Amino acid sequence: MNLRDFEVFKTIAECRSFSKASEKLFIAQPSLSKTIQKLEKKLGVTLFDRSNRIFRLTDEGKLVYEKAITMLQQMKELKIELEDTNEHIQGHLKVGLPQIIGSFFFPKVAKAFTKKYAEVTLEIVEEGGLNVEKLVETGEIDVAFVVIPTKSKELEEQLVFEAPFVACLPKNHTLKDEQEIALVQLQQDDWILFDLSFALSQVILESCRREHFVPKIAYSTTQWDLLMALVRDELGVAIIPRPLTELYSQNIYVKQISSQYIPWKIGIVVKKDRYKTRALKAFLKLVSDIYYMR
């Protein structure tokens, strides 16, 4: 029994198929079957239910899977700690970037970090904010920019930037001459929202609930520039962070929200109690130096 056996078992469980795991691991399927049979014999349990065509773990298999994840992650962190003894800061960081935040924040950070730490490579992982949080929790990425506060108790947060949400209206809107508006004044409008995998959407929906209405969602998108274009073309209204209106404000009205202050709080998050490499510490400090309390 060795770590490789557990890596094979974990991959098969996640692929839910011996054949798919075989393709992913570049190992012949008969060899995978022998590895699992050997592991089952040493543990004295059956890991997979083979009674029908439905691929699933047994109760014992589920327990072994949970322990395998923990054990493999601990060994990965041990290897990193042992390698992280060089005087020079070097290595590889996986950075989670929700699409909206990435375009606004990351270029400046990447330019400064790469210039100062040329021996550290940065790998960008682009996902919706809620998905990015989960990847940090599971240790699949090292650090991420997200909307805070997060709902996870597993993440360590640091605020780096804050700006208000504003209302974006098409040129023909009946409220175009108002200096500021309440959200509830838009309850009869069609709304253009960010995709529900975005933490931004949850902030907007919660803000509407505070004014006792549910917005009529006409369109949802993962692209902030498409969202703005839909407003411009008179297909609905949108609530977005003010900095995004500075990047795109063609033929729309931008209005302050008077009924409540809706903050766009951007934070940088890492998993609590995980080992921080020298490269990760350097990255966190650089972000703090650029943005914190700006």
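Student: Where do F48 and F55 stand, buried or exposed?
Tutor: Both F48 and F55 are buried, where buried means under 20% relative accessible area, exposed over 50% and partly exposed in between, with a 1.4 Å probe and protein chains only. Before we go on, keep in mind that this is a predicted model, in which local features need pLDDT of at least 70 and side-chain atom pairs count only at pLDDT 80 or more, while totals for chains, interfaces and linings use all residues. Residues are numbered from 1 along each chain as its sequence is written, and side-chain values use heavy atoms, with hydrogens and water left out.

Student: How many aromatic pairs are there?
Tutor: The structure holds 10 aromatic pairs; rings of Phe, Tyr and Trp (its six-membered ring) pair if their centres lie within 6.5 Å, and planes under 30 degrees apart count as stacked, over 60 as edge-to-face and the rest as tilted. In one of them, F18 and F48 are edge-to-face, because their ring centres are 5.7 Å apart and their planes stand at 65°. That pair links distant parts of the chain, since F18 belongs to helix α2 (residues 18–25) and F48 to strand β1 (residues 48–49), 30 residues apart. Helices (H or I, at least four residues) and strands (E, at least two) are DSSP runs, numbered from the N terminus.

Student: And what kind of pair do F48 and F55 form?
Tutor: Theirs is a tilted pair, with 5.1 Å from centre to centre and 40° between the planes. Ring pairs also join F9, F18, F48 and F55 into a cluster.

Student: Changing topic, where is T58 found?
Tutor: T58 is in the loop between β2 (56–57) and α4 (59–83), and T58 counts as buried because its relative accessible area is 15%. A polar atom of the T58 side chain lies 2.9 Å from the backbone nitrogen of G61. Leaving aside neighbours within four places in sequence, T58 is in contact (heavy atoms within 4.5 Å) with T46, L47, F48 and D49, so F48 turns up here again.

Student: Which strands does β6 pair with in the antiparallel sense, for instance over 9 bridges?
Tutor: Strand β6 (residues 155–170) pairs with strand β12 (residues 263–271) over 9 bridges in the antiparallel sense, given that two strands pair if DSSP finds at least two bridges between them. In that pairing, P164 has P263 in β12 as its bridge partner. β6 also pairs in the antiparallel sense with strand β10 (residues 238–241) over 4 bridges, where V166 is partnered by I240, and with strand β11 (residues 252–257), again antiparallel and over 4 bridges.

Student: What is the bridge partner of L169 in β11?
Tutor: L169 is partnered by Y253, and the charged end of K171 sits over the ring of that Y253, 4.1 Å from its centre. For a charge to sit over a ring, NZ of Lys or CZ of Arg must be within 6 Å of the ring centre and within 35 degrees of the ring normal.

Key. Polar contact = N/O pair within 3.5 Å; in protein donor to acceptor, adjacent residues only side chain to side chain.
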